[in-house]
Amino acid sequence: MTQTSDLAFDRIAGVRKTPLEEFYASGHRTCQGCESALVMRQFAKASGPRTVVTGSTGCMYVANTSYMTTPWVVPWMHTQLGAAGPSAIGMAAGLRALMRKGRIAQERINVISFCGDLGGGDMGLSGISGALQSPYDLLIILYDNESAANTDIQATGLTTYGAQTTFTPPGKVHRVMQRRWKKNVAGMLAVGHPTCRYVATACSAYPPLDFLNKVRKALAVGGPTFIHTFDPCPKGWDYHPSYSHELGELGIKCGIFPLYEIVDGRVSYTYDPKKKGRIPVREYLEKQGRFAHLIDEDVAYIQRRVDAMWEEWEIPGVAPLKGGLRPA
Amino acid sequence: MTLAEKTIAYEREELLTGCQAVAQAVRLADVDVIAAYPIRPYTEVMDNLSRIIADGQLDAEYIVADSEHSQFEIVKHASSVGARAFAGSSGTGWMYGFEALVVTATDRLPVLFLVGNRALDDPGAFGVEHNDALAIRDMGWLLCWATTAQEALEHVLIGYRVAEDPRVRMPMALALDGAFLTHSQHMVRVPAAETVRRFLPPFDLGDRRLHPDNPISIAPQVNEDWVMELRRQNWEAARRARRVIEQAYREFNELFGERYGTPFFDEYMTDDAEVVLVGLGTVAMPARTAVRRLREHGHRVGYVNLRWFRPFPGPELRASLARFRAVGVIDRDFAHGSPDDGGVLLHEVRSCLYPLPERPQVLNFLTGLGGRDISIDDVTSMYEQTLAAGRGRALEPAVRWIGVREEAARGVPEERRP
């Protein structure tokens with residue numbers, strides 16, 4: 001793992017050093033093998049008890065928080081589908097004003113807001129952009145299971161090319177209905193917000209502890225920060241729940257979801273395929289029912305685009321610009 | 001109250017627009033979080049507040065949002081952690097943030113919004129129409145119209161006081177007619193900060209406050225198991241609000257002098273009136289002038305200015321209007337396809353009158369749309385029509401357009417179309 005930042009923060013140094021306390025506990029109704037629920041559990045564990053959380057509408061609202069059986073040990077509030085950014089701003093601004101005016105005790109309270117790929121990557125982009133320009137300490141986590149997973153698995157702007165969803169079913173005439181290439185949200189936000197000091201991608205399954213430490217680091221860096229997680233979803237991706245971790249690992253190792261962090265504009269790759277190599281995307285795709293209808297040609301197309309991202313992009317995984325600057 | 005106490009109720013008098021008066025009230029209310037997004041005409045309040053904050057007259061977080069939806073969500077969540085919050089909008093901007101307006105009410109968060117009433121697009125029009133604010137009438141908001149800059153200022157204070165009361169905890173929309181009030185100047189007496197503090201205690205959300213020391217979950221998924229009981233709680237709060245409003249006006253009058261008679265509406269020259277007009281907002285100005293002139297000619301007419309639309313003062317307004325032979329309802333809004341094709345206020349007033357054994361005749365005037373001026377002549381005509389209806393003449397049609405160019409409303413004639 002490349003370390004470009006020597007920023008001091010309370011790093012969890014090993015699995016056995018992981019805090020035992022849970023701040024996202026029992027009471028939720030997420031599916032077996034739900035990696036997004038693991039994202040919730042891990043960010044809450046990393047952030048600790050002095051935290052306030054908002055959650056946008058999505059499966060991590062509907063499946064997570066049933067009245068009178070809340071899993072949230074820390075204070076939590078629902079926010080609207082496209083409101084991850086403004087909800088974080090509102091809480092952070094309110095707490096800052098009340099502390100400055102002496103109405104509540106002066107202390108560091110972590111403000112964390114989460115959203116799914118539909119809420120954060122599509123509808124809420126403008127609000128997240130606003131939050132990343134703000135002067136507040138806040139962390140926005142986009143949990144990306146590549147579909148509107150609560151609503152019956154509909155395609156979003158972050159669904160992998162070719163995937164079957166209820167909006168993109170393979171048919172007799174059109175085999176591939178999901179023709180959009182996955183939106184590059186973390187890169188877009190990092191490139192577009194020069195004063196945002198921390199943007200990262202992560203996977204709660206792989207490498208172990210990486211996501212927990214990225215949450216810790218984001219909170220330590222301060223200001224508005226953003227983490228995009230890659231969450232295998234047994235229901236939406238159509239595989240047996242016991243393979244969630246394995247799929248996460250395969251997704252990283254085939255390079256289709258780049259793992260990196262950007263601290264003060266410096267990019268470091270959490271999994272660097274240039275050093276460690278990439279497995280073929282086929283090994284990742286063929287384990288999921290949502291890609292069962294793809295033919296060799298489709299898989300080759302996906303492989304070509306992933307190859308281009310790692311071999312041709314000026315900053316692989318972050319910005320799809322190629323070939324450096326040319327004279328005017 | 002002694003004279004000395006009364007003299008400090010207001011600290012100075014100055015010429016202010018409606019928006020400037022609201023900005024002064026937000027300063028006096030010591031608001032903690034303000035979220036802004038520009039749209040005419042409400043936006044002048046935010047221009048003023050940014051300057052007030054820049055000059056150090058108010059200690060508040062001032063956030064320029066990326067859209068109205070974000071603007072409303074920001075203040076909603078600021079309120080959830082216990083901050084007193086302020087926002088506002090107009091016309092289509094208000095509608096853009098509508099989802100956030102709905103959840104602010106269902107989350108029972110007592111933020112205060114200024115609505116600078118503006119016609120909805122399309123086509124574009126900056127002028128006043130009331131459909132923007134009226135859109136929230138069924139959503140669990142307090143909704144009130146001011147007719148002068150003085151009332152606008154005072155209803156920010158009364159609004160926070162009522163909204164934040166633990167018996168209520170509903171968001172408050174204060175509507176000001178675009179241009180006619182948002183941008184017209186009045187002499188305004190600005191209350192003294194110390195007296196405002198006595199009237200409006202600091203916001204305390206109690207055990208509903210989101211904070212690590214109070215780790216609650218707000219608005220989890222409830223489905224059919226609980227949503228009906230929660231709707232019932234909202235309903236009860238709106239019912240309770242009426243008594244809290246009355247109490248707030250009583251205490252306001254004690255501290256600031258006898259400013260208000262009845263809280264929900266005020267009546268002008270109605271004592272011996274045969275007929276009255278009822279309206280919302282600045283139409284009160286030409287209406288009161290028309291009343292005075294008509295009375296000079298011996299006509300017994302009066303005007304009822306409805307201030308609070310939500311909660312609607314059902315029994316109070318019913319008892320008042322029962323005294324008249326006819327009531328003309330002025331709508332600066334529309335409700336296309338509704339019963340008799342009348343305006344929103346018509347249906348509220350008619351519904352309010354229905355339980356009376358003997359009901360006054362009710363006419364409806366649709367007028368002043370898109371900011372078109374409602375002249376004294378227009379209102380005089382409405383009075384004449386209402387007087388005729390009161391005497392049993394010319395009862396049909398029940399709904400009448402005033403000040404519309406009928407010829408132009410029919411569109412381009414066939415022969416002149418390309």
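Start with the largest nonpolar core, which has 218 residues. Select B:Val22, B:Ala173 and B:Leu174, the residues with the most contacts inside it. A nonpolar core here is a set of buried Ala, Val, Leu, Ile, Met, Phe, Trp, Tyr and Cys residues joined through C-beta atoms within 7 Å. Buried means that 20 or more other C-beta atoms lie within 10 Å of a residue's own; exposed means 12 or fewer, partly exposed in between, with C-beta atoms placed from the backbone. Domain 1 (3-256) and domain 2 (265-408) of chain B both give residues to this core, so it lies between them.

Before moving on, note that this is a predicted model: local features need pLDDT of at least 70, side-chain atom pairs count only at pLDDT 80 or more, and totals for chains, interfaces and linings use all residues. Residues are numbered from 1 along each chain as its sequence is written, while chains are lettered from A and ligands numbered from 1 in the order in which they are written.

**Stop 1: B:Ala173.** Leave aside its neighbours within four places in sequence. B:Ala173 is then in contact with B:Phe113, B:Val115, B:Ala133, B:Ile136, B:Trp141, B:Leu142 and B:Leu143. Contact means C-beta atoms, placed from the backbone, within 7 Å.

**Stop 2: the two domains of chain B.** Colour 3-256 as domain 1 and 265-408 as domain 2. These bounds come from an automatic or database domain assignment. The domain centres, taken over C-alpha atoms, are 28 Å apart. Where they meet, 26 residues of domain 1 are in contact with 18 residues of domain 2. On the domain 1 side, the elements giving two or more residues are α7 (131-134), β6 (142-145), β7 (172-177) and α10 (227-256) of chain B. Helices (H or I, at least four residues) and strands (E, at least two) are DSSP runs, numbered from the N terminus. That side has 17 nonpolar, five polar and four charged residues. Ala, Val, Leu, Ile, Met, Phe, Trp, Tyr, Cys and Pro count as nonpolar; Asp, Glu, Lys and Arg as charged; the others, Gly among them, as polar.

**Stop 3: a sheet in chain B.** Show six strands in the order β10-β12-β11-β14-β15-β16, an open sheet with mixed pairing. Strands pair if DSSP finds at least two bridges between them. The edges are β10 (265-268) and β16 (399-402) of chain B. Four bridges join β10(B) to β12 (301-306) of chain B, and the two run antiparallel. Find B:Tyr268 there, opposite B:Tyr303 in β12(B).

**Stop 4: where the chains meet.** Here 38 residues of chain B are in contact with 43 residues of chain A. Select α4(B), which gives the most to the chain B side, with nine residues. By class, that side has 20 nonpolar, 10 polar and eight charged residues.

Stop 5: Two bridges join β2 (76-79) of chain A to β9(B), in parallel. End at A:Trp76, whose bridge partner in β9(B) is B:Ser217.

Methods: Contact = placed C-beta atoms within 7 Å.
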